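Q: I am new to this structure and would like a close look at a single part of it. Please walk me through the aromatic rings, and what surrounds them.

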Amino acid sequence: MTIGCSMSEIRVRFAPSPTGYLHVGGARTALFNYLFAKKNGGKFLLRIEDTDRTRYHEGALDEIFTSLRWMGLDWDEGPEVGGDCGPYFQSERLELYKKYADELVEKGLAYHCFCSSERLEQLRATQESSENPQATGYDRHCRGLSADEVKAKLAAGEPSVIRLKIPDSQTITFDDVIRGKISFESDTLDDFVLLKTDGFPTYHLANVIDDHFMRVSHVLRGDEWITSAPKHVLLYRAFGWETPIWAHLPVILSETGGKLSKRKGAASVMDYYREGVLPHALFNFLALLGWSPGDDKEIMTLEEMIELFTLDRIGAKPSVFDSKKLEWMNGHYITEASAETLLPEVKPALVELCYINADYDDSKLIPVIEMMKGRSKKVTEIAGTLNYFFVKPSEFDEGSMKKLAKQDNLVEVLTDIANGIESLTDFSAESVDALFHSYMETKGLGFGKVGMPIRVAITGVGGGPSMHDVIAFIGKEESVARLRAFIEMK
RNA sequence: GCUCCGUUCGUCUAUCGGUUAGGACUCAGGAUUUUCAUUCCUGCAAGAGGGGUUCAACUCCCCUACGGAGUACCA
């Protein structure tokens, strides 16, 4: 019985504009929308706001789609998946915007403006620089044009925009789920543009029309939109449409203060991917920026977050992006992840570093990742630190070498162990471990005097998984060879 | 300049008038790991300031200060 979208459904949208990469602020907005939709059995739509042809960036769309999908923020309706309320690119809905802009003109609620951009610039300059600076804004120059004048100019082909007539002396009040009632005086608003000279709509017009026809029930967007909200209220009134429920999300600030931006560290979602951050770690971390489940719970599965998510638990204050905490959380999820899920990220990096060939046996790689994942904060770190499993160390940790220099029986210990390993008939992690223990006992030496030199000689570093496991993986011959080479070097 | 929003440990936050203001990250110390990391324990650390309302205010109201956003034919 219903064609298109049903009325009562919870429907939210994420509406990025294809001007560049998806940054974490946008990702957080998308994430809150996603969580809200899933929690309420609603729909999460993706709409592309490509109404500014001058800022369009080739490749931005792909980056946005990839980023969202990488984080698991799959949309129910939108580009590439379709839906009943399309098209989901605003550039493909131009006729709709024009139709409704014209309608407002006919109703006398909007008007054509023929002012040149030069005049507008000059106007703003005088408003800003005069002795007593006043609020800036359009001076309604063309609002008083008669119907005949407008007709003549239009017929003459003069370029024009359509502006909304802002009513005088009205208090515009709307509800924000997060902040409560917010009011603006209409006199502080100017007659803003609805339709540009090139026939494209401005954000204000397009977003109101689309949210209406896409039956968006809740608008969860960044709080930089608060000051535009009264304009949208006026538009909904002009059209006679019901407004959606608004929730303006607090911004994310950088650690150095100010809005998070590209200049202040890696702000794009894909940068975090490249750095070795797990998608769920970013997801979980971002969810906690501005929202809290209400108790002390921080590490959550997607299902838990969906279950616990409610709008009234979103705070109003801007939060600072704490990369240390993200790192901690990422480390937590890496430790928890299975070696199998980490493999696709780690293996290509190892090939890239020339430690292994692309056809290297995965089943041999799994145990190595297993040994290393617990001590890595980033996925990329795993590949970077397990070089010694595959290649002879080319350099030795300075601090560890200094300690070894103080040990006078160093060569003796290493020689004994090399000989010991070589003579093992049942070479395995267990037998190597047993060898270490019996050697320490007979010589009356602690692990620091035995294990440490071996570790440095074989791996080049002062820390890592149990040495007997490392040696078992590397193999008898290679281990002995590395020990002997190290002795030679001394 | 004007408009709007915000303000609990350094950071993310809990508290919806009555608490020794709790947790997490960071940092410091300790235990475990005969290494490192992990893990565990302990510690450091907060209601911007000033007025009200109330028996009682971090919590409600006002002012100030500070921070942020907007002020485009950008979103």
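**Aromatic rings and their surroundings**

A: Let's start with Trp-75, which is buried at 6% relative accessibility; buried means under 20% relative accessible area, exposed over 50% and partly exposed in between, using a 1.4 Å probe and protein chains only. This is a predicted model, where local features need pLDDT of at least 70, side-chain atom pairs count only at pLDDT 80 or more, and totals for chains, interfaces and linings use all residues. Residues are numbered from 1 along each chain as its sequence is written, chains are lettered from A and ligands numbered from 1 in the order in which they are written, and side-chain values use heavy atoms, leaving out hydrogens and water.

Rings of Phe, Tyr and Trp (its six-membered ring) pair if their centres lie within 6.5 Å; planes under 30 degrees apart are stacked, over 60 edge-to-face, and the rest tilted. By this rule there are 22 aromatic pairs. In one of them, Phe-65 and Trp-75 are tilted, at 5.4 Å centre to centre with 40° between the planes. This pair links distant parts of the chain, ten residues apart: Phe-65 lies in helix α2 (residues 60-70) and Trp-75 in the loop between α2 and α3 (94-106). Helices here are DSSP runs of H or I with at least four residues, numbered from the N terminus. Phe-65 is buried too, at 5% relative accessible area.

Elsewhere, ring pairs join Tyr-360, Tyr-388, Phe-389, Phe-390 and Phe-473 into a cluster. Over the ring of Phe-473 sits the charged end of Lys-364, 5.5 Å from the ring's centre; this requires NZ of Lys or CZ of Arg within 6 Å of the ring centre and within 35 degrees of the ring normal. Arg-28 likewise has its charged end over the ring of Phe-32, 5.0 Å from the centre.

Methods: Helix = DSSP H or I, 4+ residues; strand = E, 2+ residues; numbered from the N terminus.
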